[in-house]
Structure formats: structure tokens, C-alpha cells
Amino acid sequence: MTASSNPTLQFLGAAGTVTGSRYLVEANGQRVLVDCGLFQGYKQLRERNWAPFPVDAASIDAVILTHAHLDHSGYLPALVKQGFRGRIHCTHGSVALCGLLLPDSGHLLEEEAKYAARKGYSKHKEPRPLYTEEDARRSLKQLQGHDHERDIEVAPGFTVRFHPAGHILGAAHVSLDVQGQRLHFSGDLGRQQESLMNPPTPLPACDVLVCESTYGNREHVPIDQEAELAPIIRRVAARGGVIVIPAFAVGRAQALMLHIARLRERKEIPRVPVYLNSPMAINATRHYHAHHSEHHVSEEDCQRMFNVATFVNTVEESKALNRQRGPMIDHLRQRDGARGRGRTHRGVRSG
């Protein structure tokens, strides 16, 4: 690669689709990748994960990660597997969540490959995953956590600063200063009024803005989530029913527990048993409890959120709920994927 006087920016993903966020910035012989996400959704999108990476992974000097959702982080194990040896820079909250999401992703990819082999729907004799759980755990060793609002040199001539973005724990919008110019990457921005997270901080002045716009053509309707939730819980509990809530493990499950804890405290719902039926959601809840500065929930409410549910950690405990009688609220774990919307991220070479 020849050195250039001006930085160049290439879009390697999240163009023409909302997944696979990857942006390559080059200057003075250095390469820095901003985000390293999986393509998700339809098969023709997922197949892009198997295409050769546009540049030699070993030639990339550093990766900057805006947040832990798989459409921004999920290709990291594959990049490391292909020879990337640099640091992956992100916030401390993203380090914590990547420690949950990436190994889980690798495990599911392995399970999908085994299922494809067992059912014979792959054109390959031995279907293989894009990466394994062990590959994912190996990539975690290259993560380096940073505080928000501090300048970090990630490569010669490249300085990054993480700004709070709301959205999920650890999420940041990112300023990258290189060659006297500032490139700014929005990542995924949270709402101004959210159940858990602090609102995103204002974007600083910049020369180039790369802004994700999944919701750019619509407006979120403001609703009182507790007012919507309370009558449903009262109605089902009154007839002795079971309320089953498929909740994304990161962010949504914690918000639901917060709402239920507040409704119970105000005696607006009966004190029926609540179960959090997801080891990942349980661990994510602990991380939210540990990173209190990133959200606006009081210490008291945070403790209520943490204590409102019985944690279900094993398959046996989960099966036991099927034999239980009487009203209850059961948070079932749903896939965490792109922006928490649960797109499939199948990474099996199946034809």
C-alpha cells in the first residue's frame, strides 16, 4: 500500500443494506477499520460473510468498534482467524458485552453447521461454521477497553475519541482524527428518552460524517411502556395465566425488568413470580448493574431491576417451569443480533 497525503475512506459493508458495518480508513501507510460486523438477514446477504475480505486482514493496524451488536462486531473472530493481530479498541461496556455475544455467536454457528450436516441440506459434505466459539474467545484477547471522552492513538497519526451514544451498554459514536481531518462515525444512536440508557451526546464538528440511517425515514411514536404493560399483566394474572415475553437479552430484557419492578413497587400489578429464562440476559443484567454511569437508572431502581426476577440458568430449571402452575411472567431469551432486532446471522457454508 502506498502512502497518501489525504486519508481515504472505503465502505466495506452497511451500504445497500443495514448490516455488516465495516469502514476502512487509510493514511500514511496505515489501515484502521471502523466496525467489523456480520452481514445478516436474507441468504444473499449472509453469503457475503464468506467472500474474501477486501484487504489482507494482517495489513490492518487497528480496529475501532462502536458497539457490541453483531452487525457491528460479529465478524471480528473471522478477521482474527484470517490474520489480524492488532488491537480492537472500544469502550469498557463493549468489552463486557462482546465477551457474551461473540462466544455465543460462535457456539450457534457451530450448532448450525452440525444441524446442516445432520439434515443434509448443505451442498458441502462437511458444513463448517464461519468461526467457532474458540475462535471468538481468542479474538476477545485483542479487545482493549477505553473510557468515553478521552483521546487514544490507535495507530501512528490516528486518534480516536469515544462519545456516549445511548443505544446499549458501551455504545459510542466515534471521532477519528487523521491528517488534520476529522471523520465521525455515528454507530447506532439511542433515543433521547429511553428506559435505561442516557441519551446520546451531541455530535462534534467534523469534516466527514458517516451516519447510519436505518430509521432515517420514520419517527418513533412516544409511548408510556409501563402504562401499556400493566393492564396486560393484570388481565392475564387475574385468570391464572402465564405471560411469556420473548425479550432480547441485551437491553430489552433489562428494560422490561425495570418496568415490572417499578409497577410492582407502585402496586399497579400483582406480585406474581417473574423468571429471567436466559443465561445471556442474566449476565448482561449484571453488566448493566456494574456500569451504572452509562444509564440513568437510580441505584435503588437498579437493585430492584436486578432482584425482581428469579434467574433461570440451566436447561433443567427452564424445563421445570413447564410443570409450574399458576400465574407467572417468563422472559424468554431471544436472539441478539443486528441492533437488537434478532435477525438471523447464520454463518454456515450451506450452498
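**View 1. Surroundings of serine 94 in the predicted model.** Leaving aside neighbours within four places in sequence, serine 94 is in contact (heavy atoms within 4.5 Å) with Thr66, His67, Ala68, Leu169, Gly170 and Ala171. This is a predicted model, in which local features need pLDDT of at least 70 and side-chain atom pairs count only at pLDDT 80 or more, whereas totals for chains, interfaces and linings use all residues. Residues are numbered from 1 along each chain as its sequence is written, and side-chain values use heavy atoms, with hydrogens and water left out. Serine 94 belongs to helix α4, residues 92-119; helices (H or I, at least four residues) and strands (E, at least two) are DSSP runs, numbered from the N terminus. With a relative accessible area of 0%, serine 94 is buried. Buried means under 20% relative accessible area, exposed over 50%, and partly exposed in between, with a 1.4 Å probe and protein chains only.

**View 2. Glycine 99 in helix α4.** Glycine 99 also has its place in helix α4. Its relative accessibility is 29%, so glycine 99 counts as partly exposed. Valine 244 lies 145 residues away along the chain from glycine 99, and the C-alpha atoms of the two are separated by 27 Å.

**View 3. Strand β3 and its two partners.** Strand β3 covers residues 30-34, and five of its five residues are buried. In a regular strand the side chains alternate between the two faces of the sheet. Both faces of β3 are covered, with Gln30, Val32 and Val34 buried on one side and Arg31 and Leu33 buried on the other. Strand β2 (residues 23-27) pairs with β3 in the antiparallel sense over five bridges; two strands pair if DSSP finds at least two bridges between them. Within this pairing, tyrosine 23 has valine 34 of β3 as its bridge partner. The hairpin of β2 and β3 has two residues between the strands, and asparagine 28 takes a positive phi near 50° there. Strand β4 (residues 62-64) pairs with β3 in the parallel sense over three bridges. Here valine 32 stands opposite alanine 62 of β4.

**View 4. Leucine 33 and the nonpolar cores.** The largest nonpolar core has 72 residues, and Leu33 and Leu79 have the most contacts inside it. Such a core is a set of buried Ala, Val, Leu, Ile, Met, Phe, Trp, Tyr and Cys residues joined through side-chain atoms within 4.5 Å. Helix α7 gives the largest share of this core, eight residues. Not counting residues up to four places away in sequence, leucine 33 touches Leu12, Arg22, Tyr23, Leu24, Phe53, Ile60, Ala62, Val63, Ile64 and Leu79. A second, separate core has 20 residues, among them Tyr23, Val34, Ala155 and Val210.

**View 5. Crossing of helices α7 and α9.** The axes of α7 (residues 252-265) and α9 (residues 299-307) come within 8 Å and cross at roughly 105°. The axes are lines fitted to C-alpha atoms, for helices over the stretch in contact, and angles run from 0 to 180 degrees between N-to-C directions. From α7, Gln254, Met257, Leu258, Ala261, Arg262 and Glu265 meet Asp301, Arg304 and Met305 of α9. The residues of this contact divide into four nonpolar, one polar and four charged. Ala, Val, Leu, Ile, Met, Phe, Trp, Tyr, Cys and Pro count as nonpolar, Asp, Glu, Lys and Arg as charged, and the others, Gly among them, as polar.

**View 6. The five-stranded open sheet.** Five strands, in the order β7-β8-β9-β10-β11, form an open sheet with mixed pairing. Its edge strands, β7 (151-155) and β11 (208-210), each pair on one side only. From one strand to the next, the twist averages 25°. Strand β10 (residues 181-185) pairs with β11 in the parallel sense over three bridges, and leucine 183 stands opposite valine 208 of β11.

View 7. Most residues other than glycine have a negative phi. Aspartate 35, although not a glycine, has a positive phi of about 70°. Aspartate 35 is found in the loop between β3 and α1 (43-46) and, at 1% relative accessibility, counts as buried. Glutamate 149, although not a glycine, has a positive phi of about 60°. Glutamate 149 lies in the loop between β6 (143-146) and β7, where it is partly exposed, with a relative accessible area of 33%.
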